[in-house]
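Hi,

Here is the structure for you to look through.

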Amino acid sequence: MDKYILSLNPAQKEAVTTTEGPLLVLAGAGSGKTRVITARSAYLIYKGVPSASIVAVTFTNRAAREMRERITALLRKSRSNPPTVSTFHSLCLQILRKEMKHIGLRKNFTIYSASEQAALLKNLLLDISVYNKQFKPEVILERIGRLKNSFTSPEDMDSTEDDPLSIIVARAYPEYQKTLRTMNAVDFDDLLLLVIELFRKVPGILDEYRERFRYIMVDEYQDTNRVQYTLLKLLAGKRKNLCVVGDDDQSVYSWRGANLGNILDFEDDFKGTKVIRLEQNYRSMGNILEAANSLITKNSRRMEKSLWTSEGAGPTIKIMKALDGEGEAVFVVSKILHLINSKKLSCEDFAIIYRANVFSRLFEVELRRKKIPYTVIGGTSYFDRKEVKDLAAYMKIILNRYDDVNLLRIANLPRRGIGITSIGKLHDHAGNKNIPLIDAFSNASGMEGINEKTASKADALANMLKRYRSAFLKGKGMAKLLSGLIEEIGFHEHIRNFYKTDDVAVKRIDNVNAFVESLKYYEENEKSPSLQGFIETLALDDKPEKEQEKSGVTLVSLHSSKGLEFPVVFIVGVEEDMIPHSKSLDDEGGLEEERRLMYVGITRAMRELFLTYTACRIKYGTKTVSSPSQFIAEMPDEIIEHIETECADEEASAEEIDIKEEYEKVMAILNS
């Protein structure tokens with residue numbers, strides 16, 4: 001361990017060896033923050049702190065997994081166990097599973113995914129007669145999430161707001177929470193809120209966890225929201241052994257509740273805080289860092305820091321103006337091909353970064369045309385595939401008999417003769433009798449409006465689910481059981497009938513088989529496998545499918561690029577109204593957050609950075625004049641090089657282009 005400590009730079013070493021009291025590590029982009037957190041965890045254990053007394057918290061399963069692996073590697077010689085390394089949600093889930101009786105949750109409660117939340121809310125909106133096509137369930141859920149993350153309960157809502165959305169939310173929010181409890185389910189926000197409720201309700205349990213987690217570390221602290229901050233403050237207690245690592249200059253998630261004030265005000269909230277700045281960058285060349293530093297210093301709400309490198313200035317920042325979106329794509333892809341051939345780079349060395357996912361299309365078309373492999377990051381999660389969600393719904397209702405949402409999903413899937421009208425009557429009966437929907441299925445015989453044939457089918461489904469519940473809850477041979485369920489319900493045949501082409505059906509069946517394999521893998525690699533444990537891994541999974549097989553040029557949004565690095569980066573569409581986005585001007589601090597977002601994009605580049613913009617661009621079906629982003633002008637002239645393109649006359653204005661097109665149309669009519 002001592003040898004590893006000696007390999008750290010002075011600031012990193014100070015952060016690792018400062019073990020007591022509140023510590024704020026301001027870690028600039030590419031400054032080795034993950035190395036610091038992992039080394040600090042190992043150092044604490046090396047100095048005699050029991051691993052069970054340490055918890056490191058981060059935001060994604062991938063980050064937690066990588067951190068755990070690095071710590072384990074550092075501890076290999078000492079044969080010590082690694083500390084708890086977890087996401088906020090996973091940590092809170094562990095606590096709730098152990099302490100659920102104190103807050104009214106029943107055994108085998110379910111965590112609802114976003115799609116399950118939307119399905120539940122849609123049914124509720126119809127039930128309470130406030131369904132409005134203008135507002136999708138996802139929009140209402142986003143508002144409910146904001147209320148939860150500001151600690152606003154259904155009872156505490158402002159009843160004076162009279163805009164249509166607020167009126168719907170005021171009606172839906174209480175019913176949504178009530179129905180979640182009835183179905184023995186929680187959403188992701190509830191995981192944290194219920195733990196805070198538990199700690200405040202039962203102080204003795206809070207004391208137990210304070211005693212257990214004597215040393216707390218948090219990665220990406222700038223992304224924490226008010227609820228996460230409250231949870232950390234409760235756990236830290238009077239001991240205040242809280243080390244937070246983050247970069248206020250990379251706080252870009254206010255739209256999902258992140259509070260920049262958490263990191264800016266840390267010194268005031270935790271008296272006696274020691275602040276250590278990690279400013280030496282190990283990723284980017286000097287000119288890239290100068291561009292990033294010059295840009296971010298224009299922000300007023302930030303903590304002073306300046307990135308530097310010992311690697312030299314490197315190439316200038318290349319700025320390119322294209323005629324339009326197609327010309328921009330042609331230039332970028334041509335440049336990638338040129339650099340691959342001239343500098344012996346691989347496709348994986350390049351990233352095309354944009355403000356919004358809609359930008360990827362033109363670049364995908366051109367990359368395909370040039371036969372260059374690529375990956376789009378931010379794709380659909382494997383576990384969000386329809387056929388996978390269908391099977392997961394079966395497993396969730398098998399686990400939790402109160403889960404009406406997932407029973408509704410699979411009631412007639414595959415078709416078994418229980419029509420939508422009959423399902424509606426069964427649902428109404430369950431609501432009137434205040435019983436789980438599965439009990440209505442079991443007792444459908446003789447129910448008004450349900451014929452005996454349908455009643456028999458409903459009862460058969462309920463009995464089948466009960467039979468599989470008994471088998472699955474033993475926790476043995478679950479993959480084999482799932483295969484048996486798939487065969488019994490005729491799921492493969494259902495897929496073949498549902499999809500019109502054989503190729504699509506085969507791919508969907510492959511997804512089903514892969515799902516069975518994922519359950520098998522879980523069983524083989526988990527010490528105490530259970531149906532509940534497997535379903536929780538599905539709920540907490542945050543790995544998009546396309547990230548699992550990443551190859552070729554990477555296409556990624558600015559937000560999703562955070563944490564990534566590439567030798568050559570193209571940031572495209574660097575134009576006013578896009579970066580900064582036009583909507584940012586409506587929000588207090590919006591422009592500064594857009595500047596931070598641009599800073600994130602710039603600091604992804606290791607060797608070379610290209611910024612591109614257009615003379616005109618199609619927006620909402622209309623050709624619109626573009627202008628370069630103000631952020632380009634905020635970079636020093638001496639590190640910038642404007643380059644010419646061969647795709648068009650760059651100086652032609654959008655108005656001239658439109659006039660030329662209209663002239664050609666008129667001439668075509670006259671000559672016809």
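Asp-249 is buried, at 1% relative accessible area (buried is under 20%, exposed over 50%, partly exposed in between; 1.4 Å probe, protein chains only). Its salt-bridge partner is Arg-302, with the closest N and O atoms 2.8 Å apart (a salt bridge is a side-chain nitrogen of Lys or Arg within 4 Å of a carboxyl oxygen of Asp or Glu). The pair links distant parts of the chain, 53 residues apart: Asp-249 lies in the loop between β7 (242-246) and α12 (261-264), Arg-302 in the loop between α14 (286-296) and β9 (317-322). Helices (H or I, at least four residues) and strands (E, at least two) are DSSP runs, numbered from the N terminus. Arg-302 is also buried, at 15%. A salt-bridge network links Asp-247, Asp-248, Asp-249, Arg-302, Glu-304 and Lys-305.

This is a predicted model: local features need pLDDT of at least 70, side-chain atom pairs count only at pLDDT 80 or more, and totals for chains, interfaces and linings use all residues. Residues are numbered from 1 along each chain as its sequence is written, and side-chain values use heavy atoms, with hydrogens and water left out.

The whole structure holds 34 salt bridges. Glu-593 and Arg-596 pair at 3.4 Å, N to O. They are 3 residues apart in α27 (590-602), so about one helical turn separates them. Arg-496 is partly exposed at 45%, and Glu-493 is partly exposed at 44%.

Best wishes
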